[in-house]
Structure formats: structure tokens, C-alpha cells
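User: Please examine the structure shown here and answer some questions on its fold, its core and one of its side chains.

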Amino acid sequence: SSAQAHLMVAQRGTLNFVGTGGFVVMSLPVDAFTGVDDNGDGRMSMAEMSAHSSDIEAQVVRGLQFDRRQRATPARSLDAEPVA
């Protein structure tokens with residue numbers, strides 16, 4: 001089997017800066033989200049991700065905010081991918 005480039009230990013993250021910006025990579029357990037694990041197996045299938053992608057993004061954006069000049073700034077985009 002082939003390894004994927006973005007494997008990360010559960011519930012860990014990395015913050016990377018490039019020029020004047022940065023990006024965050026996070027590893028989150030499926031049970032951190034509400035209403036997305038339709039079959040209750042604790043895993044995120046492609047079908048579940050497709051069905052709930054907007055809910056997943058909304059939950060991440062609500063939970064991940066940055067304080068910029070004492071004003072909450074939510075994340076602007078999300079690329080989500082299930083890893084086997």
C-alpha cells in the first residue's frame with residue numbers, strides 16, 4: 001500500500017508560514033464533529049464526507065478562529081480529505 005503525504009498523528013497539528021501568510025494542518029477525530037458519522041463506525045467515508053462537506057467546513061470554521069486586532073477572524077477555506 002502507498003503512504004499519503006499528509007499523514008499526521010491524531011489530534012496534532014502544524015502551523016507553517018510562507019512569506020506574509022501561513023497555513024494550518026490539523027488532524028481531528030471524526031467524533032469531534034456532530035452529525036457526520038452516519039453509520040456510527042467512527043470513521044469518515046467518502047460518501048459521508050461528500051454528504052456532509054458543508055457541515056464539516058462550517059464546524060471547522062466556527063471552531064478555528066484567529067484573533068486579529070481584537071477581532072475574531074474565521075478560517076477562509078478548508079480542504080478536507082479522509083485518509084485510510
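**Burial, fold and core**

Of the 84 residues of the protein in this predicted model, 18% count as buried.

User: In what pattern do the helix and strands follow one another along the sequence?

Analyst: The protein contains one helix and four strands. Read along the sequence, their order is β-β-α-β-β.

User: Is Gln59 buried or exposed?

Analyst: Gln59 lies in helix H1, which spans residues 46-63. The cut-off for burial is a relative accessible area under 20%. Gln59 has a relative accessibility of 15%, and therefore it counts as buried.

User: Which residues make up the largest nonpolar core?

Analyst: In soluble globular proteins, nonpolar side chains tend to be buried together. Here the largest nonpolar core has seven residues, namely Val30, Phe33, Val36, Met44, Met49, Ile56 and Val60.

User: With which residues is Val30 in contact, leaving aside its neighbours within four places in sequence?

Analyst: Val30 is one of the residues of the largest nonpolar core. Beyond those sequence neighbours, its contacts are Val36, Asp37, Gly42, Arg43 and Met44.

User: What share of the accessible surface belongs to carbon and sulfur atoms?

Analyst: The accessible surface of the protein comes to about 6,900 Å². Of this area, the share belonging to carbon and sulfur atoms is 51%.

Terms used:
Residues numbered from 1 in each chain as written. Predicted model: local features only at pLDDT ≥ 70, side-chain atom pairs only at ≥ 80, totals over all residues. Heavy atoms only, no water. Helix = DSSP H or I, 4+ residues; strand = E, 2+ residues; numbered from the N terminus. Buried < 20%, exposed > 50% of the residue type's maximum accessible area, 1.4 Å probe, protein only. Core = buried A, V, L, I, M, F, W, Y, C linked by side-chain atoms within 4.5 Å. Contact = heavy atoms within 4.5 Å. Areas by Shrake-Rupley, 256 points an atom, 1.4 Å probe, with all protein chains shown as cover.
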